[in-house]
Amino acid sequence: METKEVKFSGFKMNGFLALFLFLFVWAGLTAWCFTVGETLFYALGGVMVLLWIILNCGYMQLEPNEARAMVFFGKYKGTFKETGFFWVNPFMDKKKLSLRARNLDVEPIKVNDKIGNPILIGLVLVWRLKDTYKAMFEIDAQTMASTGDGKSANVGNAVANRMNAFENFVKIQSDAALRQVAGQYAYDDNETATNELTLRSGGEEINEQLEQKLNERLAMAGMEVLEARINYLAYAPEIAAVMLRRQQASAIISAREKIVEGAVSMVHMALDKLSKEEIVELDEEKKAAMVSNLLVVLCADEAAQPVLNTGTLNH
C-alpha cells in the first residue's frame, strides 16, 4: 500500500525546557518590564504577556502508539510520532490520532450464498491506522467526527469522535466485503461438489480472502486489517427448519449407506466361511434366501423376529 504519510521535520523543543524558559526567563523579563515604570515598557510587557499566552498553546504530549497530524494553516507538514513532552509552533494544528489496534464486532447480516440460500453471517476483525495522511485527508472523517454544533468539545472528545468515525467507515466497508465473499461460496456442500470450498468448511482460507478484500477496500483510508474471522454463520430463519430436515435426511442416507455396505460385507464373509469350511452346501436358491434373511436382520431398524424351521432344509 503506497503511503502518503511523511515524518514531521519542523522545529520542536523538549517540553520541559520550553516550560522552564517560558515560566522563568520569559516571565522574569515580563515582570521587569512592568517594574521599570515607563509607558514604552508597559506596552512591551503587555505584548510579552500576549505572546506568552500564545506560546503556551505549543505544548503537546504523546504516548506510545499515538500520533499527531501537523497542519499549518491548512497545509500538511507531516506526522509527529515521537513519544514524550514537546513544544512546537503554537500556530500548528496538532490533530491527535490513535495508532493502537481496535476490535470491531460486525453484527450478523443477511446475504445470499452462491446457491441463493439466505444466510446470516457475521465477523470480528482487528484493525488500526497505518497512514495518518490518508485517514485524515482522503476521507471526510473530520466532518463525521464533529459534534452537533460542528465544534469539538475538547481534545479527548475530538480524538474519540474521530476514531469512532474511522470505525464507522470500517464497519460499512466490512459489510460490503462480507457480502462479496459470502456470495462467492455455498453455505455447505449439500448442492456442490465435495471438493469445492464452502463457508462452513473453508476455515482459514475464507478468513484470508475476507482479510484481503477488507485491506483492498480500506487502503484508500489508510487503515489495515490485522485479522478478520467469521464468528457467526447460520441459515436465515425462514429456511432454517427446512435446511435442518435436509441435513437430517442427508445424515440418515449416509448412515444407511454405511449400514448396507457393512451388511453386504458380512453376508459375503458368511457365505465364504460356510463354503470354505464345508459346514453346509447351499444351492443358488438357498444362498439367495440366506442373503435376503441376513440383509433384513442386519439392515432393519428394529430387532428381527426369528422364525424357526423345524423341518429339513427343503421343507
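Which side chain of opposite charge is nearest to Lys213, and how far away is it?

1. The structure is a predicted model. Lys213 belongs to helix H7, which covers residues 204–218. The nearest side chain of opposite charge to Lys213 is that of Glu216, at 4.4 Å. Lys213 is buried, yet has no salt bridge. A salt bridge would require a side-chain nitrogen of Lys or Arg within 4 Å of a carboxyl oxygen of Asp or Glu.

2. The surroundings of Lys213 also deserve attention. Leaving aside residues up to four places away in sequence, Lys213 touches Ala177, Gln180 and Val181.

3. Three strands make up an open sheet, arranged in the order E4-E3-E6 with antiparallel pairing. Strand E4 (75–80) and strand E6 (92–98) are the edge strands; each has a single partner strand, so one side of each lacks a neighbour in the sheet. On average, neighbouring strands of this sheet are turned by 25° against each other, direction ignored.

4. Strand E3 spans residues 66–72 and pairs with E4 in the antiparallel sense over five bridges. Within this pairing, Met70 has Gly78 of E4 as its bridge partner.

Note on methods:
Residues numbered from 1 in each chain as written. Predicted model: local features only at pLDDT ≥ 70, side-chain atom pairs only at ≥ 80, totals over all residues. Heavy atoms only, no water. Pairing = 2+ DSSP bridges. Helix = DSSP H or I, 4+ residues; strand = E, 2+ residues; numbered from the N terminus. Axes fitted to C-alpha atoms, helices over the stretch in contact; angles between N-to-C directions. Buried < 20%, exposed > 50% of the residue type's maximum accessible area, 1.4 Å probe, protein only. Lys, Arg positive; Asp, Glu negative; His and termini not counted. Contact = heavy atoms within 4.5 Å.
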